[in-house]
Amino acid sequence: MLTRTALAGLVTLASLALAGHGGPPSPLEWGAGPLTVDALPRVVHVAHRGGAREVPENSMSGLMAAYERGTAQVLDLDTQMLRDGTVVVMHDATLDRTTHSHGRVRDLTAEDWQRVRLRPAAGLPGSWPAERPPTVAEVLDRFGGRIVLTMEAKDPRSLDALAAMIRGRGLTRSVLVNTNDPVMARRIHRLGLLSQLWRSAAQMRRDRPARWAPFLDVLDVDHKAREADVERAVRSGVPRVWAHTVVTPAERDRALALGCDGIVTDAPGRLAADERAAASAVPSALRPGATR
């Protein structure tokens with residue numbers, strides 16, 4: 001009998017073979033029109049906050065590095081809204097953790113935002129510029145249609161502004177809007193946007209995700225959740241079920257073995273390197289394009 005670890009490893013190798021991974025995936029490029037969720041592969045890798053263990057989180061340079069490295073098919077970011085209605089890329093409600101400034105994000109104006117500078121996390125590999133956190137408009141203008149984006153709307157007041165920016169750029173099938181609130185996810189859907197809902201392991205114990213299938217495009221589940229809760233999400237009828245926030249190959253393999261078809265990770269480069277190693281270990285007869 002196969003152990004769960006062995007089964008997870010086989011699932012990973014099978015997904016690599018089906019996806020044709022023989023090396024690092026190339027960045028997805030804008031062809032005849034905007035790249036949409038419909039063009040995503042069967043198993044999706046999402047660079048969480050750009051890949052927060054490898055780049056400065058929610059920074060333009062970090063998002064660009066993740067895009068150019070090609071180790072994820074989706075870029076993830078967080079959004080907050082300033083006092084004057086400008087929507088910016090920032091996870092926390094305050095500036096204290098990730099910048100050299102202090103105070104609440106919502107107290108600033110666009111003019112104030114020009115003076116904010118990111119402070120990369122200690123121990124982050126590489127050398128990174130002292131840069132201003134981008135606005136959502138800047139991210140959409142840089143990446144919109146070239147790669148699928150998912151953005152968590154931390155401030156519910158920003159939804160109308162986000163919808164206007166996404167619709168105005170023709171990106172309604174290219175940008176997911178994420179939240180932890182099912183009521184807000186329904187509102188996102190009603191605004192004509194792609195809706196994504198994330199849930200913690202504790203929330204998943206009580207969730208009945210089949211109720212959300214009519215308005216959800218992606219259900220983002222905690223990789224630490226109980227097997228039964230993940231499997232219930234996979235069977236819910238929601239089109240895509242992604243696991244967050246994965247860091248190790250073992251965590252990825254468990255999520256894939258339980259039926260998830262997306263991996264939200266802080267370490268997309270690490271997982272890509274592990275997948276290349278796994279692919280090279282597949283017998284030649286099992287590799288994509290092999291003939292018998």
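Buried here means under 20% relative accessible area, exposed over 50% and partly exposed in between, with a 1.4 Å probe and protein chains only. Helices (H or I, at least four residues) and strands (E, at least two) are DSSP runs numbered from the N terminus.

A quick word on the source: this is a predicted model, where local features need pLDDT of at least 70, side-chain atom pairs count only at pLDDT 80 or more, and totals for chains, interfaces and linings use all residues. Residues are numbered from 1 along each chain as its sequence is written, and side-chain values use heavy atoms, with hydrogens and water left out.

Back to S5. Val175, Val177 and Thr179 point one way, while Leu176 and Asn178 point the other way, and all are buried. Strands pair if DSSP finds at least two bridges between them, and S5 has partners in S4 and in S6 (residues 194–199), as the table shows.

| Pair | Bridges | Direction | A bridge in the pair |
|---|---|---|---|
| S4 and S5 | Four | parallel | Leu149 with Val175 |
| S5 and S6 | Four | parallel | Thr179 with Leu197 |

The chain gets from S4 to S5 through H5 in a right-handed β-α-β crossover, and it goes from S5 to S6 through H6, again in a right-handed one. Right-handed means that, with the strands pointing away from the viewer, the path from the first strand over the helix to the second runs clockwise.

Now for the packing. The largest nonpolar core has 31 residues, and Leu75, Val136, Val139, Leu140, Phe143 and Leu149 have the most contacts inside it. Elements that give two or more residues to this core include H2 (60–69), S2 (74–81), H4 (136–143), S4 (148–153) and S5 (175–179). A nonpolar core is a set of buried Ala, Val, Leu, Ile, Met, Phe, Trp, Tyr and Cys residues joined through side-chain atoms within 4.5 Å.

Leaving aside neighbours within four places in sequence, Leu149 is in contact (heavy atoms within 4.5 Å) with residues including Val74, Leu75, Phe143, Val175 and Leu176.

Zooming out, the chain has 10 helices and nine strands. Buried residues make up 51% of its 292 residues. Of the contacts with a separation of 6 or more, 58% are between residues 24 or more positions apart.
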